[in-house]
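Here are some questions about how parts of a structure meet, each answered by setting a value against a definition.

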Amino acid sequence: MGILEVKNVSKRFGGLQALGDVNLSVAENSVHAIIGPNGAGKSTLLNVLIGKLIPDTGSVLFEGQSVLGRKPYEINQMGISRVFQTPEIFGDLSVLENMMIPIFAKRDGVFRMHAFENSADEREIVEQAEAMLESLNLADARHDHAAAMSRGNKRRLEIGMCLAQEPKLLLLDEPTAGMARADTNATIDLLKQIKDERDITITIIEHDMHVVFSLAERITVLAQGTPLVEDTPENIKGHPKVREAYLGEHA
Amino acid sequence: MFGLNKKDGLLFLFVIAITLLAPFLLNPFPTDSAMAQFNAGYPDLLQRFAIFGIFAIGFNILFGLTGYLSFGHAAFLGVGSYAAVWMFKLFSYNVLPAIVFAVIMAALFSVLIGYISLRRSGIYFSILTLAFAQMSFALAYSVLSNPKFNLTNGETGLQVYDTDPQIFHREGLPDLPHLFGLSVRATYELNLGGWSFTFNLGYYICAVIMLIVFYLAIRLFRSPFGMMLRAIKSNNTRMTYTGLNAKPYTLAAFVISGMYAGLAGGLLAAMDPLAGAERMFWTASGEVVLMTILGGAGTLIGPVLGAGLIKYMENIVSKINDNVLHQWFSFLPDGFEDVMVTLIHPFVGKGWNLTLGVIFMLVVIFLPGGLVEGGQRIARLFTGRRGRAAKRKSTQSTPAE
């Protein structure tokens, strides 16, 4: 029984069968990659996992509890954090404040009216946030506007913000899309470090095979809304069906 | 200092000083001089500065922090006024219970309107609040004023009559709003040389309340709650995917700003025990938006400055008439004098709105951060050299580290 269990999920958009009978089991503390050509249903699957879309059939269980029909913030409070394709951070806030918010969210839950304490006086929160920035090598930028950072640093910050909540499952949606090679490698290193240091399950959706093969322990190949194969990276590399799916797309 | 950091503490002290000394500062011209018409230090206007300052501070908590642009805040102002006048009618002319009741009623109204309007964001939220405010206006103007059930007294406006119960009213208490027996109209006139300064109890009640709520607003801006509100404005998606529910945060901000508006409405009634439906009209809602943007949305002091500027123009520029203009340009040859008067005429007197519009356009185009940004730019001109020198020094020291 994995930490995340997707059973018989299907989703139609009008005439398009975006997902057809998807079964997926993500083992606890593993790095599981979902790959597939464009239009394979990767994003639809991800949106089902985080509660943005409700599938037509099937179930999604996280630690044995259904996530379907829950609000995104409820799913987050269950222990699932999401990193977006384009970094979603609080651009108008300082880097330090960006890091403080998830720590507040972890401590206080979905809502707490903290109206007359000074946020700078919350020493504990500030210290945790600064330690987290230190570990991400972002400490020097802590008083900068988050929007002014480079793409790579925004990504680091976003991953850090997700980690600050100590999620059980981290979902990454093409974390290196549109990044320069150096930033991509830095992100891979960061994710490797996270995997080694923490008890965390990572599910990653990715186009870039270099990223997938450097990180993943299990890979599911999705094609036309259904899982084609699921195996270790070594076996996936030489799998004829995978070659066909990808070559078929490129040809 | 008062739990504020150094910068905010200084700002607060500065505002305290300005507010308490306003009767001096706003009366810089001797009473007999030609410039005396620019004096703004008379009680009626000073009260308006403080009251609309409160209104704008509250509006800024919603608009400046969360970015939700309400076009219906005047509804809460009106509710506050009606609530206060009802307290006068039923119980006594003491302003304190009236103000408390005004805030409570505005809070209830804003929970209702906020809960519904906040189901949408952006322009739809603005339109919903506008619709609610116009509904309130219509209710107050006609629906709730019929012989069977007269809550608002329609066109005439709600006021206190001799036949009202006023159960706590006693002989010897002023027949006007008062604070434990001290009439809000109580004034002390100080004549110094050619100058005359008026100190009015009503103004000081408004001023002290404004200082209290200004202080609360600073605390709120710097609190974790304020940070969450700014986070909602910055990126609602990330907010949701960080496990935070934006709805109660925005609703709390909406209700707080509604209570500020109710407080302002209550004070308006306390200074002059009369409440009319026009206080809820959409132009009144628009005015507070102008004040906030003109002064600088999201800044602490901006809305107060914006409120001050608009109320000053409404009361001072509108008093300049053609006779005054002829006096000013009397040194010019006759023809030129008439030309100048004709040119300026549309911008003064009843045309003060035109001047306001021009100023508003200039500010929005050249100073998107409002008057506060203007102030910062001027401050930078003066400290610029020192700032650059300090910077150079710090860059020189960097390699040594």
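Two residues count as in contact if their C-beta atoms, placed from the backbone, lie within 7 Å. This is a predicted model, in which local features need pLDDT of at least 70 and side-chain atom pairs count only at pLDDT 80 or more, while totals for chains, interfaces and linings use all residues. Residues are numbered from 1 along each chain as its sequence is written, and chains are lettered from A in the order in which they are written.

Q: How many residues make up the contact of chain A and chain B?
A: By that cut-off, 28 residues of chain A and 24 residues of chain B take part.

Q: Which elements of chain A give two or more residues to the side that touches chain B?
A: They are α2 (72–78) and α3 (95–108) of chain A. Both are called helices because a helix is a DSSP run of H or I of at least four residues, numbered from the N terminus. α3(A) gives the most, with 5 residues.

Q: Into which domains is chain B divided?
A: An automatic or database domain assignment sets the bounds, and chain B has domain 1 (6–315) and domain 2 (316–390). Their contact takes 20 residues from domain 1 of chain B and 16 residues from domain 2 of chain B.
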